[in-house]
Amino acid sequence: MTAATGQPAVDLREPAGWRRVKNQVATTAMWVAFAAVLVPLGFVLYTVISKGASAISWTFLTGGPIPPNVLPAGTGGMGPAVIGTLEITGLAAVMAVPLGILGAIYVNEYGGNRLLARVVRFMADVMTGVPSIVMGLFIFSIWVLHFGYSGLAGAFALGCLMLPVVIRSTEEMLKLVPNALREGSYALGATKARVTLTVVLPAAIAGTVSGSLLAIARAAGETAPLLFTILTVTSTNANVFSGANTALSAQIFANATQPYLGAQSRAWGAALTLIAIAFILLIVARFVTARFTRFSS
Amino acid sequence: MSAVAQADPAAPAGSAHPLSHRRPLGDRLFAILAAAAGVLVLVILALIAASTSQQASSWFSTEGWSVFSVDWNPGTNSFGAMSYVYGTVITAAIAIILAVPVSLAIALLLTEVVPRRWAQPIVYVIDLLAVVPSVVWGLWGILVFAPWLQHIYASIASGLTGIPVLDSLFGAPVSGASFFTAGIILAFMITPIVTSLSREVIATVPAIDKEGAYALGATRWEMITGAVWPHSQGGIVGAVMLGLGRAMGETIAVALVIGASPVITSHLFAAGYSMPAVIANQFGEASGEFRSALIGLGVLLFVITIAINLVARGVVERSSRRKRGA
Amino acid sequence: MQLRYRQQVAAAGVSVVALALVLGACSSSGSSSTAASGGSGSSAPAGGSSSSSASLTGTLNASGSTFQLTFQQEAISAFKSIQPNMTVNYGGGGSGKGRTDLAGGTVNFAGSDSPIPAKEASNFTGKTILYFPVIIGPITMAYNLTGVSNLKLDPVTIAKIFSGSIKAWNDPAIKADNPGVSLPSTPITLAVRSDSSGTTQNFTQFLVDSAGSAWTLGTSSTIKWPSSARAASGNPGVAQVVKSTPGALGYVDYATAKASGLSAASVKNKDGDYVAPSSASATAAAAGVTPKPDLTFAAVWQGGASAYPITYQSWDLVNAKQPNANDAAMLKAYLGYLLGDGQKLLAQIGLAPLSSSLDQQAVAQLSKITS
């Protein structure tokens with residue numbers, strides 16, 4: 001071709017010179033960025049696992065009360081904090097997940113393009129950005145000042161944090177359910193509530209469950225809302241509705257500023273426990289998504 | 001149900017039917033319940049604004065405009081918030097400057113570079129990063145990261161003494177727990193959210209534009225700058241702003257590693273303080289006007305993050321609407 | 001379909017019942033507020049002023065001085081075997097918080113390292129407050145400097161460091177105190193208290209007494225430190241800052257510094273000798289102290305050859321008039337323990353026991369707690 005037309009040889013298969021270099025540099029930069037994220041993550045996990053593993057034992061996870069900071073590692077345990085985290089996060093989930101699913105149903109199924117639905121959708125998105133500490137101050141102002149510190153107050157604060165996240169992720173899942181399913185159910189004579197509860201929601205259940213699990217994992221790790229609502233104590237409080245309580249995240253925060261090695265070792269152990277809980281929830285969420293999703297984008 | 005339906009198959013659902021008056025009631029109740037759950041969001045937001053402002057009102061009325069002064073001294077009952085606002089802005093700015101290039105790079109990696117099958121492990125890594133609790137970042141930060149960084153800061157500072165601009169940014173005094181350390185940890189924490197939002201935005205770029213660019217002989221980088229970037233600009237700006245809002249509101253990790261020293265200084269390696277950090281650290285022992293001042297800082301923070309969020313959502317909505325229209 | 005409808009109604013009914021239960025629990029939690037104003041439980045006959053043979057039930061809440069924190073935590077654990085049905089909670093939070101909580105009635109006793117200052121006196125009008133001295137101990141100059149083990153500091157040097165005029169470890173003034181020791185050029189990071197603290201009060205009182213014109217920031221439980229100082233909450237917080245920051249210098253009480261593994265500097269005393277903080281040097285400092293009739297005194301900057309100059313003290317403050325007999329009995333039992341067998345715990349944490357005459361006067365004052 002070049003010989004016939006007399007034009008200079010242009011190889012159209014390979015970009016030349018600078019263009020190729022720029023492309024290569026860009027691709028390398030992207031991989032470097034990934035490594036830049038991988039390294040600190042690995043570092044954190046390695047530190048938590050190595051320092052926390054020595055503190056973890058059955059007594060650590062279930063024994064109590066939490067000893068004074070001065071005492072060395074091995075005395076007492078973090079049982080009260082584990083129980084506190086489980087009961088407070090559990091109560092928050094029980095409150096926020098059903099309400100969040102209902103809210104998403106409203107926005108997606110009933111709201112349509114009405115003004116109220118659009119405002120609610122927008123505000124739910126905005127609410128995901130409210131800082132967790134402001135949620136804590138909010139519950140402090142309207143609940144703790146009148147009814148005292150309790151696990152319930154902490155659960156309210158965590159529930160308020162979880163609610164918009166559950167609404168948003170459930171709404172995304174509901175949007176993916178094909179309209180044909182709904183119309184087929186209407187055609188069979190079902191009311192809107194029945195269609196939503198018995199056809200649409202089960203179709204979206206995998207994504208809903210995994211979204212809720214992720215919201216719960218995030219709530220379990222939150223500290224700031226609990227600082228103003230549960231008043232970190234050292235013994236187990238089985239009654240989540242009244243009386244001050246404690247949680248793993250609040251204990252880690254209290255212990256991180258202590259100079260005593262015993263307190264720090266307990267903090268690492270609690271951190272490992274907390275990360276383990278969050279990871280388990282994350283893995284279950286991913287498994288549910290992978291295995292049970294019926295409709296995906 | 002089947003008995004009723006078979007009794008009158010010609011009648012469409014919900015129409016005049018002997019038993020149809022029972023169905024709309026349960027249906028209507030459910031609709032009301034769902035609407036109430038949706039409205040709950042609005043109610044909570046309104047309550048947050050109202051109750052925290054009411055608690056903070058004594059601070060606002062006592063201080064007036066000097067809420068923005070630099071003098072914060074519980075001993076003399078003067079509470080000026082400027083140094084905390086400064087710290088919040090600076091740490092968030094450092095976090096954005098560090099996190100945005102990295103997040104965009106990873107988002108591009110996932111959408112353009114890596115084949116589908118291999119994208120999963122990278123997504124898992126980002127998920128892991130997102131699930132590490134803030135307090136664990138703070139614990140690792142103050143006990144491990146900050147002492148290690150102090151040596152690095154000290155060497156950088158001693159290397160830069162005398163150089164005009166760099167010295168005032170990165171020179172002495174240095175502290176392991178400082179604005180910059182808080183900024184780095186914030187960057188780690190907002191990377192997952194900026195990455196996933198950017199991915200969503202980049203995924204909406206029409207394949208036809210990308211393939212067209214390749215067909216014209218563009219390299220991958222040229223395709224990204226030529227086809228992806230113009231389409232996803234607005235969305236990415238929105239994603240960055242959401243990351244900014246998150247960085248400003250982050251409390252516990254910052255409270256532990258920022259150094260608890262309320263100063264306004266250009267030295268990024270010096271210890272500082274931020275609004276959520278001071279609230280977390282000092283709320284337990286505050287009472288009276290001190291407590292009102294701390295809640296007032298919370299109100300300021302709420303207003304700032306809500307404003308950023310509103311603007312970000314607006315930007316994302318506008319750019320996606322433009323794309324859909326086009 | 002009718003079955004489904006009934007199921008829906010049943011679900012609604014169950015949720016209404018559940019909501020009612022939650023509201024019921026909330027209202028019951030409202031009546032039992034966690035801000036306990038005193039012990040609950042059956043009142044028991046008050047036993048002797050020290051370890052009571054009668055079993056007491058209830059909870060004592062306290063907060064305040066973190067100087068006492070280590071001692072209180074050890075004493076509370078040991079006291080559990082003497083009075084198993086009594087719970088004592090000591091929350092720390094700084095001397096200022098303790099006094100505020102006592103004025104507000106949210107605690108039974110408060111730990112404070114200084115007597116109630118004039119500007120807080122109005123919170124206590126109409127109440128008689130009893131001071132029970134419980135511990136005497138050193139405030140250490142804790143530092144983090146690798147390679148320097150026996151740092152010596154002069155009060156004037158300390159004053160200049162904490163005012164911010166001396167900024168680096170290799171300053172001539174510090175070198176003059178430590179001839180022959182090679183000091184690095186590391187900048188000094190000050191570690192100070194962010195909360196209202198009796199330790200701060202006593203430390204600054206020492207600087208006022210000893211350094212004269214070199215110290216201009218006055219004495220109070222909160223000080224406007226140089227802006228580069230790192231503030232932390234409680235003695236353990238300051239200890240943590242010193243421990244994790246190379247080149248840091250802070251004022252930490254001896255028990256906390258020892259438990260944290262920090263190095264402490266020797267300070268020049270009134271007689272001109274450099275004395276290291278220890279139980280013995282604190283006892284020497286307290287030896288010459290004469291308390292006022294209400295048992296308040298100041299142990300800083302005392303003379304004596306082997307006296308540690310920054311020795312201070314802490315009291316437990318109690319309302320003389322208690323709301324009920326059980327509270328009075330519990331306070332007498334616990335405070336009596338602190339003044340009696342509890343003093344033996346002090347040796348383990350490195351604090352000095354009270355002198356026997358001071359201890360006797362304090363025990364005699366226990367009878368003034370009435371209900």
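Between chain B and chain C, the count is one salt bridge, where a salt bridge is a side-chain nitrogen of Lys or Arg within 4 Å of a carboxyl oxygen of Asp or Glu. The partners are Lys224(C) and Asp71(B), whose side chains meet at 3.8 Å, N to O. On chain B, helices α2 and α5 each supply at least two residues of the side that touches chain C; helices here are DSSP runs (H or I, at least four residues), numbered from the N terminus, as are strands (E, at least two).

A quick word on what we are looking at. This is a predicted model, in which local features need pLDDT of at least 70 and side-chain atom pairs count only at pLDDT 80 or more, while totals for chains, interfaces and linings use all residues. Residues are numbered from 1 along each chain as its sequence is written, chains are lettered from A and ligands numbered from 1 in the order in which they are written, and side-chain values use heavy atoms, with hydrogens and water left out.

Back to B and C. The contact (heavy atoms within 4.5 Å) takes 23 residues from chain B and 20 from chain C. Together these chains bury about 1,800 Å², with 52% of that on carbon and sulfur atoms; buried area is the accessible area, with a 1.4 Å probe, that two parts lose on being put together, summed over both.

Now let's turn to chain A. How many residues of chain B are in contact with chain A? There are 78, and they meet 83 residues of chain A. The area buried here is about 7,100 Å², and carbon and sulfur atoms give 83% of it.

Three salt bridges are counted between chain B and chain A. One pair is Asp127(B) with Arg286(A), whose closest N and O atoms are 2.7 Å apart.

Over all chains, the structure holds 17 salt bridges. Among them is Arg19(A) with Glu222(B), again with the closest N and O atoms 2.7 Å apart. This pair runs from helix α2 (residues 17–53) of chain A to helix α9 (residues 220–249) of chain B.

Finally, have a look at helix α5 of chain B. Where is its kink centred? On Gly141(B), with a kink of about 50°; the bend at a residue is the angle between axes fitted to the seven residues ending there and the seven starting there. Just after α5(B), Gly162(B) takes a positive phi of about 100°.
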